[in-house]
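Reader: I have a structure to look at and would like to go through it slowly, one question at a time. Could we begin with a pair of helices and then turn to the chain as a whole?

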Amino acid sequence: MIQNDKQFKALLTRLKENVQKAKRECAYPGCSEAAIKSHLLQRNGVLKQLSAGQNALFELIHHAFDERQFKFKLEGISKTLSFPGFCQDHDSRIFKVVETEPVDYTDYSVQLLLSYKAFVNEKRKKEIVVDWYSRIIDSHLVRDYQTETFFRDLKKSKYQDELGIADGKILQEQFESELLSSHKLGLFRFLTRKLPRVEIAASGVFTFETSSEIFVNTTISGENIPLNYIFLHFIPLHDHSVAIIGCLNDSSPACLQYVLDFLKGTDKQVLKKISDALILQIENWLMSHEFYHTNIKHRQDLVVEYVQRGQTHYHERDATNIFLFEP
Ligand SMILES: [Zn+2]
């Protein structure tokens, strides 16, 4: 029986640890093998090179369960940008082309695989949070201690994440039909741009629609309109960085236009757009020791505050007044 908040917090911590330890199934269609730690970006190439022999990188860590959600942490590269995604066999077989040097980042299959992984990562994050909510809701100890309001709020949050997972179903099917077909159907559109080298690596997916637009749509129409997804990868190579942006070909005209325009402009203009996207849209990024010490460390709290604010920022396509790539 729980008698005070301290005991309640301890119980939540225990449930959280169980959720994090729980085995996840391989995300590949039809496979039920246990998932290993899959890396969003090439571990032995991109990440190793970025770590400059130190085998560790500074990652923006997101704790979905904690109040102070974001922080920069030095992590060994075996752990960075990783998630329980695919089984050993699928992780090495399906993603071979993005794990074997040299990788051609202008190649459609490479762009598709990077985006598929980023998509599965987002989906898995939601599944893990839903699992966490379910464990709290199902706990008799919590039931005896908490109020109805607590459960109502929790169920609402769980429902939101379940909606998010359901909304990605069509996209998932499109990824799978493209990945499984022997000749590519060209369902996705990707653009690439070579940029001056920045010692940051990022890979993620976000919706074109801002939280504010989603809110207006669901409140006015009373239903969930299908969302448009955008994939963004920013990868440091030996002497330059490469940016890839993409979406489904049948995305809304506004989304398609946004994607087509994103990499246009001077290097600095494009880099600023990427910096804004890292702050407001993408949670998965990391950097070299040097970048952390020159560009982040002295204003770490401010950057975290911006990223944190990004979570409740309703206009994610806006520009911010911070530029990560300039010290
Ligand atoms: Zn598998």
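Reader: At what angle do helix α5 and helix α8 pack?

Author: This is a predicted model, and in it helix α5 covers residues 108-138 while helix α8 covers residues 169-180. Their axes lie 11 Å apart, and α5 passes α8 in a left-handed crossing. The angle at which the two helices pack is about 145°.

Reader: Which residues of α8 do L112, Y116 and F119 in α5 meet?

Author: By class, the contact of α5 with α8 has six nonpolar residues, no polar ones and one charged residue. On the α5 side stand L112, Y116 and F119, and the residues that they meet in α8 are L171, F175, E178 and L179.

Reader: Why does the radius of gyration of the chain agree with that of a compact globule?

Author: The C-alpha atoms fill a box of roughly 60 × 45 × 45 Å, taken along the principal axes. Because a compact globule with 327 residues would have a radius of gyration near 20 Å, the value for the chain agrees with it, being 20 Å.

Reader: Which residues does L286, in the largest nonpolar core, touch?

Author: The largest nonpolar core has 64 residues, and L286 is listed with I200, A201, I230, F234, L278 and W285 as having the most contacts inside it. Leaving out residues up to four places away in sequence, L286 touches L57, F58, E59, L60, T80, L81 and A201.

Terms used
Residues numbered from 1 in each chain as written. Predicted model: local features only at pLDDT ≥ 70, side-chain atom pairs only at ≥ 80, totals over all residues. Axes fitted to C-alpha atoms, helices over the stretch in contact; angles between N-to-C directions. Helix = DSSP H or I, 4+ residues; strand = E, 2+ residues; numbered from the N terminus. Left-handed = near helix turned anticlockwise from the far one by under 90°. Contact = placed C-beta atoms within 7 Å. Nonpolar A, V, L, I, M, F, W, Y, C, P; charged D, E, K, R; others polar. Rg over C-alpha atoms; globule rule 2.2 N^0.38 Å. Core = buried A, V, L, I, M, F, W, Y, C linked by C-beta atoms within 7 Å. Buried ≥ 20, exposed ≤ 12 C-beta atoms within 10 Å, placed from the backbone.
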